[in-house]
Amino acid sequence: MGTVPNGSPINTSTLGQRTFTVNATNPSTRSVTYNVAYRICLLYDPSRPVRRLGQVVISLRICDANGNNLSNPNITLTASRITGPVTRPVTGRFNYRLSSYSLLVSTQNLPNGDYNLEFTISGADTTTHVAPFTLR
């Protein structure tokens, strides 16, 4: 027996860390911690990002599990680093406009390859999210 009836979904209604506990028929109990986070909905093809003068435009929305747009001007997205063939820190906040976020990311001195832009979202979502892009 657990904290929800058998076959029922676990609580994902709010962001943040949650705990699910199972009570066995013998006197043991097991708890598992899980994290509820935003889903990232990319507004570009990661294999073909838009390039502008040594930069790529990373455009996205934050969504729920069903893909519904939850983007909001009161939610801040902050870039932290690029990882890939080269890893380097990135600073800057995404701009919010027309129900989505975008950030110009410098590609100067980055060799071709697959990259991830890592970023965080303000509030209870403690996950480091990624937005992939490819340079060719």
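The legends below describe close-up views of a predicted model.

View 1. Asp-125 sits in the loop that joins strand 10 (113–121) to strand 11 (129–135). Its relative accessibility is 3%, so Asp-125 counts as buried. A polar atom of the Asp-125 side chain lies 2.9 Å from the backbone nitrogen of Thr-127. The Asp-125 side chain also makes a polar contact with the side chain of His-129, at 2.9 Å.

**View 2. The salt bridge between Arg-81 and Glu-118.** The whole structure contains 2 salt bridges. One of them joins the side chains of Arg-81 and Glu-118, with an N to O distance of 2.7 Å. This pair links distant parts of the chain, with Arg-81 in strand 6 (residues 77–83) and Glu-118 in strand 10, 37 residues apart. Arg-81 has a relative accessibility of 37% and therefore counts as partly exposed. Glu-118 is buried, because its relative accessible area is 14% and the cut-off for buried is under 20%.

**View 3. The salt bridge between Arg-136 and Asp-114.** The side chains of Arg-136 and Asp-114 form a salt bridge of 3.8 Å, N to O. Arg-136 belongs to the segment after strand 11 and Asp-114 to strand 10, so the pair ties together parts that are 22 residues apart in sequence. Arg-136 counts as exposed because its relative accessibility is 65%. Side chains of opposite charge can pair when their charged atoms come close.

View 4. Thr-83 is a strand 6 residue. With a relative accessible area of 16%, Thr-83 is buried. Leaving aside residues up to four places away in sequence, Thr-83 touches Asp-114, Tyr-115, Asn-116 and Glu-118. The C-alpha atoms of Thr-83 and Asp-114 are 8.6 Å apart in space, while the two residues are 31 residues apart in sequence.

**View 5. The largest nonpolar core.** This core has 24 residues. The residues with the most contacts inside it are Ile-58, Leu-60, Leu-77, Phe-94 and Leu-117. At least two residues of the core come from each of strand 5 (55–63), strand 6, strand 9 (100–106), strand 10 and strand 11. In soluble globular proteins, nonpolar side chains tend to be buried together.

**View 6. The surroundings of Ile-58.** Residues up to four places away in sequence are not counted here. Ile-58 touches Tyr-44, Phe-94, Tyr-101, Ser-102, Leu-103, Val-105, Leu-117, Ala-131 and Phe-133. Among these, Phe-94 and Leu-117 are, like Ile-58, listed with the residues that have the most contacts inside the largest nonpolar core.

Definitions and conventions: Residues are numbered from 1 along each chain as its sequence is written. This is a predicted model: local features need pLDDT of at least 70, side-chain atom pairs count only at pLDDT 80 or more; totals for chains, interfaces and linings use all residues. Side-chain values use heavy atoms; hydrogens and water are left out. Helices (H or I, at least four residues) and strands (E, at least two) are DSSP runs, numbered from the N terminus. Buried means under 20% relative accessible area, exposed over 50%, partly exposed in between (1.4 Å probe, protein chains only). A polar contact is a pair of N or O atoms within 3.5 Å; within protein, one must be able to donate a hydrogen and the other to accept it, and residues adjacent in sequence count only if both atoms are side-chain atoms. A salt bridge is a side-chain nitrogen of Lys or Arg within 4 Å of a carboxyl oxygen of Asp or Glu. A nonpolar core is a set of buried Ala, Val, Leu, Ile, Met, Phe, Trp, Tyr and Cys residues joined through side-chain atoms within 4.5 Å. Contact means heavy atoms within 4.5 Å.
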